[in-house]
Amino acid sequence: MTTKLFGEPVRRREDARLITGRGRYLDDIGPGALAAAFVRSPHAHARIADIDVDAALDVEGLVAIYTYEDLTGPMAEPLPVLIPHPQLHAPRTGYPLANGEVNHVGEPVVMVVAIDRYVAEDAAERILVGYEELPAVIGVDAASAATAAVHGDVPDNVAARHHQETGDVEPALAASPHTLSFTQYIERSAGMPMEGRGVHARWDADDGSLRVYTSTQASTSVRAAIAAKLELSLDEVEVVAPDVGGGFGVKIMHPWPEELLVPMAAIALGAEVKWAEDRREHFISSAHERQQKQEITVGFDDEGRLTALDAHIWHDNGAYTPYGIIVPIITATQLVGPYVIPVYRVVVESVYTNTVIVTPYRGAGRPQGCFAMERTMDRIADALGLDRAVVRERNLIQPDQFPYDHHLTFQDGRPVVYDSGDYPGLLEKLKALVGWDGVDALRDDAEARGKLLGVGMALYVEGTGPGPYEGGHVQVLGSGKVLVSTGLTTQGQGHETSFAQIVASELGVPIEDVEVTTGDTRRFPYAVGTFASRAAVMSGNAIALAARGVREKALRIAADVLEADPEDLEISDGVVQVRGTPGASIPLRTVAVLSNPLRYAFDEAAKQATQFAVQAKDDEPPVSPGDAPGLEHRDYYSPIRSTFASGAHAAIVEIDPATWEIDVVKYAVVHDCGNVVNPMIVEGQVHGGVAQGVGGALYERMAYDSDGQLQNASFMDFLMPYASEVPDVVIDHQQTPSPLNPLGIKGAGEAGVIPGSAALASAIEDAVGRRITSMPISPTELYDLVRDPSAERTAVAERRAGTGAMA
């Protein structure tokens, strides 16, 4: 048995429990609880004229009905702006229940509580809400035109103008040998976790304590929000994230109205109350992301090297801005990718629309930034007649340029300084992995079969592990079990395995002895949350530091027992031993017992720590000054700035001109997340991300009509890729350890999804020879594009047509 498990492909320990139905998700909790249901707005924009609940009062089993008029104190105030920013000049948030006006379909207006969900839904259907419809603003073009306003006091619909620049862009563009200007779009999508949102609350009136279970990515923050809004002391509130069936960012948003209203009702009614979101609710009342309009001007020289880049982006933030402008900031700062850009200016106008709010969805602004930069690279290559890989190679930051300062400010308020990387190495590995230089032969073969074949690539840099901090606690019990806890939450990332590997390696214990708890404020009350590929970087390092603290104490105690120098001791397989001296050893579980001087013995092991069993020194107290009983340690990791992972993706597509179906026949990924804790889990994360990237590029979009009605609010109509649509993925790893943290790791959770739209747009464009300016793209849209005489043909298509290689 080995205890040096860092870097090993250990099978996920949590899977057996989860795939055999032994998981405990939100809706498994409180089967006898009262149930909540909501009356939600059917209109995108309207005033509420009246609410008539009389017909619902006759429903047997009804317990309570709440409207905005029933809210008091902080609950009657707008929901918080979680992340204020000086450039967010017109922030607006909703209320737990609509206060006189609704601004998107699905906004909660009335909460009904009944003996079960069926009765609650029946009562909700009988409540009549009178509305006076107002003009709806749908999409970034309508928002920027500002012929109507989402919020009357924001007539231009602009919530924020985020602006960063690294020089004087106009003179740099004017002096450039070549310039290009173009506009492109990314459409709105959403994460669609298998489990929607949900909340269960239980109030104990005797001791004045509230326990809330919620399907969240930020249990400690939900706890703080509940305490503030319900005017409770923080120590009166416990929040637990049970098993969470996926998050992808929608559950980092908090507090959702339901996370406040359900606990409020539990306290008022003195009963357990639960709400579990149904799928339509998730479509129309949770959160979306992605939609942007990008206006780009780039300057470059004859060799394809960038001289200046100017990006003006319109970002759809939906009806409210509770999560601030984090997504626009990430787009603005991650757009630069792995490239040297001498002069850069970006302006992101974040605009209100009468649609569901926008908060981070896996990738969180990075896919949009990557789409902007990588499609720019493709256009430069096309304009100059150069290989797309060559143009990228000529602009890459070189390994000897790290740390590389882009002179921008990231989402954590810290500078965008790339800590380490080898971007030319990534590109070379990618070309070999996908067979870049042999694609012409594949193209000829596909043409012989009546197919169009294209290849595309996209590179990216991903800021991971932003602060401010995370913590970890490690405790060795007298049984030999090692308890590990951290405050951030888990939604399927494999934390139970990865964190156990870190502790097993640091502490020298079998991984089977390590038990990991996440997202429970009873075990760890201070944390930030799971987002931005930060769990391994933040909690991983905090847990490692905590394990090192336990190790130091264990060696010190064992040294006294073994009459040895702590420097001569090692821990392996849960045993502390003198290095090179067989038999001079003590089990770590015994050290744990000895770490807690006892007066009373409750079992055989405890006898070893009682006052007559231990040969104590008469001139020293049983617990040394500055020490504490028990073999445990709590520590925190707080970084000076984010780490920056990187990667490169390439896709080969075949397109059938009879159906215009797009088949991804090969997908290659080279990924660098520094030192890898568990390569199997990292590859799983990449595979999952690629699946979402393919979905975002070819299938998934939120289709609103001009009245703000979501036209595809069900899995019957919202397309997602099946296993048959997700390509086989070939992966290669590169490791450039981060110098910023003890473990040298970078995040990996969002890497797979970031370059998907960019790489696939490039490949499709290469296949059909028509400019792809909007993603996702469907076979019908591709058919229309190819047959549109006004559609722009790429220069490479013209050259191939001249040689008879493309019709």
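A pocket, as the term is used here, is an open set of points on a 1 Å grid with protein on both sides within 12 Å along at least five of seven lines, and its volume is the space filled by probe spheres set on those points. The model is predicted, and the values below are computed from it.

**Second largest pocket**

- The lining of the second largest pocket comprises 28 residues.
- Nearest the centre of this pocket lie Asp560, Leu594, Val614, Ala616 and Pro622.
- By class, the lining residues of the second largest pocket are 15 nonpolar, seven polar and six charged.
- At least two lining residues come from each of helix 14 (535-562) and helix 15 (588-594).
- Helix 14 makes the greatest contribution to this lining, with five residues.

**Cavities**

- Across the whole structure, the search returns five cavities of 30 Å³ or more.
- The largest cavity holds about 210 Å³ of space.
- Lining the largest cavity are 19 residues, and those nearest its centre are Leu79, His104, Trp256, Pro257 and Ile357.
- The lining of the largest cavity consists of ten nonpolar, five polar and four charged residues.

**Helix 2**

- In helix 2 (residues 117-126), the buried residues are Val119, Ala120, Ala123 and Ala124.
- These buried residues line one face of helix 2, because they fall within an arc of 135 degrees when seen down the helix axis.
- Tyr118 and Glu125 are exposed on the other side of helix 2.
- The packing partners of the buried residues of helix 2 are strand 1 (34-40), strand 3 (62-66) and strand 5 (108-114).

**Helix 19**

- Leu782, Leu785 and Val786 are the buried residues of helix 19 (residues 779-787).
- Viewed down the axis of helix 19, the buried residues fall within an arc of 95 degrees, so they line one face of the helix.

- An open sheet is formed by three strands in the order 4-2-6, with antiparallel pairing.
- Strand 4 (101-102) and strand 6 (128-133) are the edge strands of this sheet, each pairing on one side only.
- Strand 2 (residues 46-52) and strand 6 run antiparallel and are joined by six bridges.
- Asp50 stands opposite Gly130 in strand 6.

**Val169**

- Val169 belongs to helix 4 (residues 169-174).
- Val169 counts as buried because its relative accessibility is 0%, and the cut-off for buried is under 20%.
- Leaving aside residues up to four places away in sequence, Val169 touches Ala308, Leu309, Asp310, Val343 and Arg345.
- Val169 and Ala308 are 139 residues apart along the chain, and their C-alpha atoms are separated by 6.3 Å.

Terms used
Residues numbered from 1 in each chain as written. Predicted model: local features only at pLDDT ≥ 70, side-chain atom pairs only at ≥ 80, totals over all residues. Heavy atoms only, no water. Buried < 20%, exposed > 50% of the residue type's maximum accessible area, 1.4 Å probe, protein only. Helix = DSSP H or I, 4+ residues; strand = E, 2+ residues; numbered from the N terminus. Arc of directions from axis to C-beta. 1 Å grid on protein atoms, 1.4 Å probe; cavity = no way out; pocket = protein on both sides within 12 Å on 5 of 7 lines; lining within 4 Å. Nonpolar A, V, L, I, M, F, W, Y, C, P; charged D, E, K, R; others polar. Pairing = 2+ DSSP bridges. Contact = heavy atoms within 4.5 Å.
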